[in-house]
Amino acid sequence: MQERKQFYIDGQWVDPKDGRDHAVIDPSTEDVCATISLGGQADTDAAVAAAKAALPGWMATPVEQRIAALERVFEVYKTRAEDLAQAMSLEMGVPIDLSRSSQVGAGVAHLKGFIRAAKEFPWEAPLSEKFQSTRIIHEAVGVCAMITPWNWPMNQITLKVGAALVAGNTMVLKPSEESPLNAIIFAEIMHEAGLPKGVFNLVNGDGAGVGSQLSSHPDVDMVSFTGSTRAGKLISKAAADTLKRVHLELGGKGANLVFADARDDAVKWSVTEMMENSGQSCNAPSRMLVEASVYDRAVEEAATVAKSIEVGPASKEGPHIGPVVNKVQWDKIQDLIQKGIDEDARLVAGGPGLPEGFNKGFYVRPTVFADVTNDMTIAREEIFGPVLSIMKFETEEQAVEIANDTPYGLTDYVQSEDGARRNRLARVLRAGMIEMNGESRGPGAPFGGMKMSGNGREGGSWGIHDFVEVKAVSAWDVTAPQAAE
């Protein structure tokens, strides 16, 4: 069992000033796999003070040097890929192959993307060709608190740290206490990359403790949070007294519109995409809306696909889904599966209880409900598990009405070979991202939602924009020697 109780503050590993032990549970076995410390106010204050002290120097560092620092982080990150993959697989239950390819791979892609975007970003530029003496300067927001989730930990850490770092911010990271080991390795990466002390700091803690302390701290200029909508509301309220910038990437209840002219593998793709990471993705296509003429066939195929999905421990190689992260999440999913049954949704695959062959571990049967209506609990609430709801629609207009009838607006999906229809739907679906025909968005495309799925965008130049202030300057002397940007 690992013991990782120290925090990374002001360029060194330090013992907690106000810590208490916290057990990290391996969800595949329900055994304790590590012990960390949850920090207190003194630890939070020390990390914020270090970030505040480092801010003037890091802001003044030429952007070329900040990009070079991120390039060093990128190179060290790649050398620790297997360590990161093993840590995430152990602590959150992601199958090791998926951990290597997607969980670690997401960080590689984001860091590489920020390096490219930073080199093209208009850090200082004239307002226009006509108004050369009006200068637009992008500079750091300041001290940034980063509160990241357990489900895609490296994805979210690199999305926040990469953008903030090149923009000249200093930061305090509070990872989820459910999956902290990968973040500790990331702090080691930042140290090895030779960042100035205080630029990056890490304090482990829970939401009620370090999370709330960072959100309300007078010396924190911005909070970037990824997690539940409930927690996002609490962070917004805590941050209100100091009027700090708040960036939120929250929950989702993605609609996946499957039309009769969808490609042959559309249903299989839809089910496997929903079940990936054991359904623990905020952008999962959890509501599958199917055109009436192909509805029965789609339900039958979805049930067959779900029944074919293997469940197994995170350490096992090969294609399968692992457990969900903890007992609280398992209980919530079980309650919602039972709620679907009680509200007369038609269970066609999976159901409550552990999968066959398991007597411990937080495993969930891949579950599919048909004949779901949008007033049912399983259609309204984010389940965050391998549970798919299938609904029927008659017309394109009805499909849009059902899809938009949700408080969330993160990612919607369209499956159709009709290009004009896809374009129409992309304009009217109320979500921050629309993915069609299984095609991923291009590198550097912004990630984020609307409505109760949050605000702000992450990734590429949009991610950098969220971590800068925009300063407008008049009477800029274009003939004077210019400092390096």
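How many of the 485 residues of the chain count as buried? In this predicted model, the share is 56%, where buried means under 20% relative accessible area, exposed over 50% and partly exposed in between, with a 1.4 Å probe and protein chains only. Residues are numbered from 1 along each chain as its sequence is written, and side-chain values use heavy atoms, without hydrogens and water. Because the model is predicted, local features need pLDDT of at least 70 and side-chain atom pairs count only at pLDDT 80 or more, while totals for chains, interfaces and linings use all residues.

The overall fold comes next. The chain has 15 helices and 21 strands; these are DSSP runs numbered from the N terminus, with helices being H or I of at least four residues and strands E of at least two. The radius of gyration is 23 Å, close to the 23 Å that the globule rule gives for 485 residues, so the chain is as compact as a globular protein of that length. That radius is taken over C-alpha atoms, and the rule is 2.2 Å times the number of residues to the power 0.38. Along the principal axes, the C-alpha atoms fill a box of roughly 70 × 60 × 40 Å. Among contacts (heavy atoms within 4.5 Å) between residues at least 6 apart in sequence, 73% join residues at least 24 apart.

Inside the chain, the largest nonpolar core has 70 residues, of which Leu-165, Phe-186, Phe-200 and Ile-464 touch the most other members. Such a core is a set of buried Ala, Val, Leu, Ile, Met, Phe, Trp, Tyr and Cys residues joined through side-chain atoms within 4.5 Å. Another core, of 29 residues, lies apart from it and includes Leu-336, Phe-369, Ile-402 and Ala-403. Beyond its neighbours within four places in sequence, Phe-200 is in contact with Tyr-8, Val-161, Met-171, Leu-173, Phe-186, Ala-187, Met-190 and Leu-195. Phe-200 also belongs to one aromatic cluster with Tyr-8, Trp-13 and Phe-186.

Aromatic pairs number eight in the structure. Rings of Phe, Tyr and Trp (its six-membered ring) pair if their centres lie within 6.5 Å, and planes under 30 degrees apart count as stacked, over 60 as edge-to-face and the rest as tilted. Phe-121 and Trp-123 form a tilted pair, 4.5 Å centre to centre with 50 degrees between the planes. Phe-121 counts as buried at 8% relative accessibility, and Trp-123 does too, at 5%. A second tilted pair joins Trp-269 and Tyr-413, at 6.0 Å and 55 degrees. Because Trp-269 lies in helix α9 (residues 266-275) and Tyr-413 in strand β18 (residues 411-415), this pair ties together parts that are 144 residues apart in sequence. Both Trp-269 and Tyr-413 are buried. Arg-66 lies over the face of Trp-123, 5.6 Å from the ring centre; a charge sits over a ring if NZ of Lys or CZ of Arg is within 6 Å of the ring centre and within 35 degrees of the ring normal.

Two loop residues complete the picture. Glu-177, in the loop between β9 (170-174) and α6 (181-192), is buried, with a relative accessible area of 18%. Leaving aside neighbours within four places in sequence, Glu-177 is in contact with His-22, Val-24, Ile-36, Leu-38, Gly-205 and Asp-206. Gly-318, in the loop between α10 (295-308) and α11 (327-342), is partly exposed at 22%. Gly-318 and Asp-97 are 221 residues apart in sequence and 6.5 Å apart in space, C-alpha to C-alpha.
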